[in-house]
Amino acid sequence: MPGRLLAVHAHPDDESITMGGTMAVLTEDGVQVANVCCTDGELATIVAADMPEEEYRPRLGEVRREELRRACAILGVAEVHCLGYHDSGMAGAPTSTRPEAFFMQPLDAVAERLTAIIRAFRPHVVVTYDAYGGYGHPDHIQAHRGTLVAVEAAGRRGVYPAAGEPWEVAKLYYTAFPLSVLRRTIEVAAAAGRDHPFDGRPPEELEFATPDHLVTATLDVRSGMGRKREALRAHHSQIDESFLQFFSDDVFTEEYYQRALARVPAGRPETDLFAGIATED
């Protein structure tokens, strides 16, 4: 290849959950990968038994940023940007409308910051969430909105002129969890005698399920799954072993994307996010 890929995520651990295998495989192949984390994730539930709430809650944002840096190092991601916005919490929670919440920040200001990162890093490919933020989380939705504006703005000299020299992103993708894969996850768990991975809910009711016909790219990430699970473990405050079973090798050997924008010839299905891109520049 090699090229440059920028991922824009809402919280520490989102990068590893949605595309850790992709990051591991691409960086092994020489692709430069940068990750933007929009919030400090300080409102998340602490699942680690050895991290008492009263001790870790006051500094959870700092803890999660350090976990993010460790996870990205495992995945080979050398460039990490923490924008430092405050976690909004879940949709409908009072925290999502706090003035300091990421979801409440002016879109123009968020987009300008992301535009500056795009122009400095010059990615060929950008990855974020779909318009629903994958599952309706306010911070994911805001990350989508800011990224979409920034990708369009980055190539236009007259937009955010103080954010650097223009750069045109060749392709934009959204992360995806295909419905068929979630069905298979339930079947494999049942056959292995494991607990239902979604607390008994059918995959059709899962908000983060992506209809299969929307998936345009499927990447083989088998060689990166070990590092993905290691990166997930680095997010110790958030990830337990039961969650890691969701990413077992008998189900997850691939990661999936929905192409949202292509400024180069692009067909479907794709097995390479850089297909059609000349990456010499």
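This note goes through some local features of a predicted model, point by point.

1. Helix packing. Two packed helices are described by the angle between their axes and the distance between the axes. For helix α1 (residues 14-28) and helix α3, the axes come within 8 Å and cross at roughly 35 degrees. On the α1 side, the contact is made by E15, S16, G20, M23, A24 and T27. On the α3 side, L68, A71, C72 and L75 take part. Sorted by class, this contact has 6 nonpolar, 3 polar and 1 charged residues.

2. Spacing along a helix. An α-helix has 3.6 residues a turn, so residues three or four places apart point the same way. With this in mind, the reader can look again at the α3 residues in the contact, L68, A71, C72 and L75.

3. R64. Helix α3 covers residues 60-75, and R64 is found in it. Is R64 buried or exposed? Its relative accessible area is 2%, and buried means under 20%, so R64 counts as buried. A polar atom of the R64 side chain lies 3.0 Å from the backbone oxygen of G41. Leaving out residues up to four places away in sequence, R64 touches H11, P12, D13, D40, G41, A44, S237 and Q238.

4. D13. One of the residues that R64 touches is D13. The place of D13 is in the loop between β1 (4-9) and α1. Phi of D13 is near 100 degrees, which is a positive value in a residue other than glycine. D13 is also buried, with a relative accessible area of 7%.

5. Y160. A positive phi is found at Y160 too, where the value is near 50 degrees and the residue is again not glycine. Y160 sits in the loop between α5 (138-154) and β5. Its relative accessibility is 12%, so Y160 counts as buried.

6. T147. Helix α5 contains T147. At 2% relative accessibility, T147 counts as buried. Which residues does T147 touch, not counting residues up to four places away in sequence? They are V8, L114, V126, T128 and L172.

7. Helix α7. This helix spans residues 225-234, and its buried residues are M225, K228, R229, A231, L232 and A234. These buried residues pack against α1, α3, α8 (241-244) and β8.

8. The cavity. How many cavities of 30 Å³ or more does a search of the whole structure find? The search finds 1. The largest cavity has a volume of about 40 Å³. Its lining consists of T18, A176, F177, F252, E254, E255 and Y256. The elements that give two or more residues to this lining are β5 (171-178) and β8 (254-262). Strand β8 gives the largest share, 3 residues. By class, the lining residues of the cavity divide into 4 nonpolar, 1 polar and 2 charged.

9. The largest pocket. The volume of the largest pocket is about 1600 Å³. The pocket is lined by 50 residues, and those nearest its centre are I17, Y135, F198, F208 and F243. At least two lining residues each come from α1, β5, α6 (179-191), β6 (209-210) and α8. The lining of the pocket has 23 nonpolar, 16 polar and 11 charged residues.

10. The segment after β8. P269 is found in this segment. The peptide bond that joins R268 and P269 is cis, with omega about 0 degrees. E270 lies in the segment after β8 as well.

11. E270. With a relative accessible area of 5%, E270 is buried. Not counting residues up to four places away in sequence, E270 touches K171, Y173, T216, A217, T218, R259 and A275. Two of these contacts can be described further. The side chains of E270 and Y173 are joined by a polar contact of 2.6 Å. Another polar contact, of 3.1 Å, links the side chain of E270 with the side chain of R259. For a sense of distance, E270 and L148 are 122 residues apart in sequence and 21 Å apart in space, C-alpha to C-alpha.

Definitions and conventions. Residues are numbered from 1 along each chain as its sequence is written. This is a predicted model: local features need pLDDT of at least 70, side-chain atom pairs count only at pLDDT 80 or more; totals for chains, interfaces and linings use all residues. Side-chain values use heavy atoms; hydrogens and water are left out. Helices (H or I, at least four residues) and strands (E, at least two) are DSSP runs, numbered from the N terminus. Buried means under 20% relative accessible area, exposed over 50%, partly exposed in between (1.4 Å probe, protein chains only). A polar contact is a pair of N or O atoms within 3.5 Å; within protein, one must be able to donate a hydrogen and the other to accept it, and residues adjacent in sequence count only if both atoms are side-chain atoms. Contact means heavy atoms within 4.5 Å. On a 1 Å grid over the protein atoms alone, a cavity is a set of points where a 1.4 Å probe fits but cannot get out, and a pocket is an open set with protein on both sides within 12 Å along at least five of seven lines; lining residues have an atom within 4 Å of a point. Grid points are joined across faces, edges and corners, and a volume is the space filled by probe spheres set on the points. Ala, Val, Leu, Ile, Met, Phe, Trp, Tyr, Cys and Pro count as nonpolar, Asp, Glu, Lys and Arg as charged, and the others, Gly among them, as polar. Axes are lines fitted to C-alpha atoms, for helices over the stretch in contact, and angles run from 0 to 180 degrees between N-to-C directions.
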